[in-house]
Amino acid sequence: MKKTNILFFILLTLSSLWFIQCDDMDNLYRDYIDQGERIYLGKPDSLIAMSGVGRIKLKWCVNADPKIEETIVYWNLRQDSVVKTFQRDEKGIQADSLIIENLAEGLYTFELFNRNKRGERSLMSTVQGQVYGENYIATLKNRTVTSMQILSFDKEKQSADIEIVWGPRLNGSLFSKISYKKRSSGEYVEVLASNDQNSTMIYDVGNRLNHPDDLIQISTLYQFESSFDLLETSSRKEQICVFTTSGVRTDYNSSGVETGKIKFDNIIKILRRVSSLSSSVAYDCNRVAEASSLSNTLFRLFLNENELSIDGYFNGLLNTISSNGINSFFPNDQKLTLNYKYKRSSGAYSIVEEEYFPANISFPVMPLKVYVFGENINGHFFTKGDDLIHVDQNGDMWVYRFNENQSFGEPAFMTTGWGGFTSVFYLPNNRIFRYDGNRVDIATINENYEITSLAWWVGAGWAPLAINRLMPFKDFALIMTNSSGVLLKLGINANNGWVGGFDSIASGFSVYKKIIPFDNSILAIDNSGDLWHMTLSDNFELGNPVKIGSGWNKYINVIRQGTALLAIDAYGDMWRYEFNPDLSWNVE
């Protein structure tokens, strides 16, 4: 047998599988060229498939074979194909690529070979690639929003500057996209927040509840190593609004007998859209009636067109908040009227009728200077009602009356001998406490700020507890921290007797240089000057700390005055903030 015939037989045998698959095997090889030898064209090399949305990108290398003029691509069991013309621009190996559009979602097998005008072909190269579509994108998660906070609000424009705090980053995601319309101009804005950002600010966001122009659309953009398109999740609707409320709370005992009625007005409430409930429009409200924000409380409004239903629980008691009448939403006026009921652990309950209106305040509210102490800023400061009491560095006690001009008058001398104590404070029912690290003394004070009695050595022997801060909590307990940063509580009755023992509430309080009890909550300033808010129930359940401000290390002392805060700076000036822990308080 001739040498050329033997070569042909061997090649034919090795390529038998290819001949079976190919629909035009006569053109697979040249029969004879030059010296009569059969030669392949160079096949597509280093072939990869990159996924796209409704499309695929194929990338490969073309070797130095000068006879290659086009690449044929088959897919869908060779029912579909495309021809890609090859244009050589450089000698040697050259990269080439092709994007195939309008593909249905799914997994594809692509077969490629090179060809020239004479019909000569290369061997086949094969690769699999995924085409993305709605079903795949629906499996991608949106980056969570841990919290949203209104940092400033313009009541005239009814617009807010908002901080979005992000949850953990997601593998494969690049950005979160925030889309909204500016309230003042109607300008459509897109903001990209990278995965490295913990929070993002957006500005001039409208305050109209459930209004399509004021909703914030948030989606997440992904790009994987094997893809060349960005994948965008379905947008999630977010919103946070501020309202001013007024109403009446009527209290009943467990037998249904009315025990009291309280009217409230100008209460600021925050409504936050519940984005996780995609099947319904729901908003969480931060306050039940006029009560402070409480841990273990959920007050949720469900909006169906212009009707509202109410659900939730109060202070850890499940299924204790419910509708008690007609609840309505008036979108044109941005007004809500609510009628609901909530229960207490004793079986007593309250019925609340209240109205929500567009917020009637602008914030942050600039503080008002209420007194100049100059260099006399050491010692203890605390309030009785709106009046200020100061124990100076000499141990003398003074009272400063708060007047109609929203400032303090000149001090009046009260008593002396109050030096050397680590904590001095006022507790309701006309009691002043002082603590020296080993004992607690309790003094009684009358309306004229005269000390009428002093009980010495009450609770002596506290030294082993290593208490370094002692503070009042409402009128029935003391809270304190020890040298290990543990927050504890001790009950106290109206006769100044201890109730129970020293019980731990939480640890980690050594990071705070200042702690301020504030109704059913604690305000704390850390060493960086950040201001934190933690709810604290009457059962001493502590909520998670929420940052509500920064820059408070500007002040050397901060105390509470009713619902306001008094702050003394390094120059001896005292400033008064009309405070609300549900708002933001960044100090310049």
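**Entry 1: contacts along the chain**

I began with contacts between residues at least 6 apart in sequence, and found that 50% of them join residues at least 24 apart. I note for myself that this is a predicted model, so I am reading computed values throughout.

**Entry 2: overall form**

Next I looked up the secondary structure, which comes to three helices and 44 strands. The radius of gyration is 37 Å, well over the 25 Å that the globule rule gives for 588 residues, so the protein is more spread out than a compact globule. I then fitted a box along the principal axes, and the C-alpha atoms fill roughly 130 × 55 × 45 Å.

How much of the protein is buried? I found that buried residues make up 48% of the 588 residues. The accessible surface comes to about 28700 Å², and carbon and sulfur atoms account for 48% of that surface.

**Entry 3: nonpolar cores**

A reminder from class: in soluble globular proteins, nonpolar side chains tend to be buried together. Here the largest nonpolar core has 38 residues, and I asked which of them touch the most other members. They are Ile150, Ile162, Ile164 and Trp552. Apart from this core lies another, of 26 residues, with Tyr283, Leu294, Phe314 and Tyr356 among them.

**Entry 4: Tyr555**

Tyr555 sits in strand S42, which covers residues 555-561. Is Tyr555 buried or exposed? Its relative accessibility is 4%, so Tyr555 counts as buried. Not counting residues up to four places away in sequence, Tyr555 touches Ala567, Ile568, Asp569, Trp575, Tyr577 and Val587. I checked Ala567 by distance too: Tyr555 and Ala567 are 12 residues apart in sequence, and their C-alpha atoms are 6.1 Å apart in space.

**Entry 5: salt bridges**

Side chains of opposite charge can pair when their charged atoms come close. How many salt bridges are there? The count comes to 31.

I opened the one between Arg272 and Glu238, where N and O are 3.1 Å apart. Arg272 lies in strand S17 (residues 258-273) and Glu238 in strand S15 (residues 236-238), so the pair ties together parts that are 34 residues apart in sequence. Both Arg272 and Glu238 are buried.

Asp441 and Arg434 form another salt bridge, with the closest N and O atoms 3.1 Å apart. Asp441 counts as buried because its relative accessibility is 0%, and Arg434 is buried too, at 2%. The pair belongs to a network of salt bridges that links Arg434, Asp436, Arg439 and Asp441.

My last pair was Arg576 and Glu578, whose closest N and O atoms are 2.4 Å apart. Arg576 is buried, with a relative accessible area of 11%, whereas Glu578 counts as partly exposed at 41%.

**Entry 6: a patch on the surface**

To finish, I went to the surface. Which residues form a nonpolar patch there? I found Leu174, Phe175, Leu192 and Leu230, with about 320 Å² of accessible area together. Phe175 is found in strand S10, residues 173-181. Its relative accessibility is 31%, so I wrote Phe175 down as partly exposed; the cut-off for buried is under 20%.

Conventions: Residues are numbered from 1 along each chain as its sequence is written. This is a predicted model: local features need pLDDT of at least 70, side-chain atom pairs count only at pLDDT 80 or more; totals for chains, interfaces and linings use all residues. Side-chain values use heavy atoms; hydrogens and water are left out. Patches are made of residues with over 30% relative accessible area and no salt bridge: like charges are joined within 9 Å, nonpolar side chains (Val, Leu, Ile, Met, Phe, Trp, Tyr) within 5 Å. Accessible areas come from the Shrake-Rupley method with a 1.4 Å probe; for residues, only the protein chains shown count as cover. A salt bridge is a side-chain nitrogen of Lys or Arg within 4 Å of a carboxyl oxygen of Asp or Glu. Helices (H or I, at least four residues) and strands (E, at least two) are DSSP runs, numbered from the N terminus. Buried means under 20% relative accessible area, exposed over 50%, partly exposed in between (1.4 Å probe, protein chains only). A nonpolar core is a set of buried Ala, Val, Leu, Ile, Met, Phe, Trp, Tyr and Cys residues joined through side-chain atoms within 4.5 Å. The radius of gyration is taken over C-alpha atoms; the globule rule is 2.2 Å times the number of residues to the power 0.38. Contact means heavy atoms within 4.5 Å.
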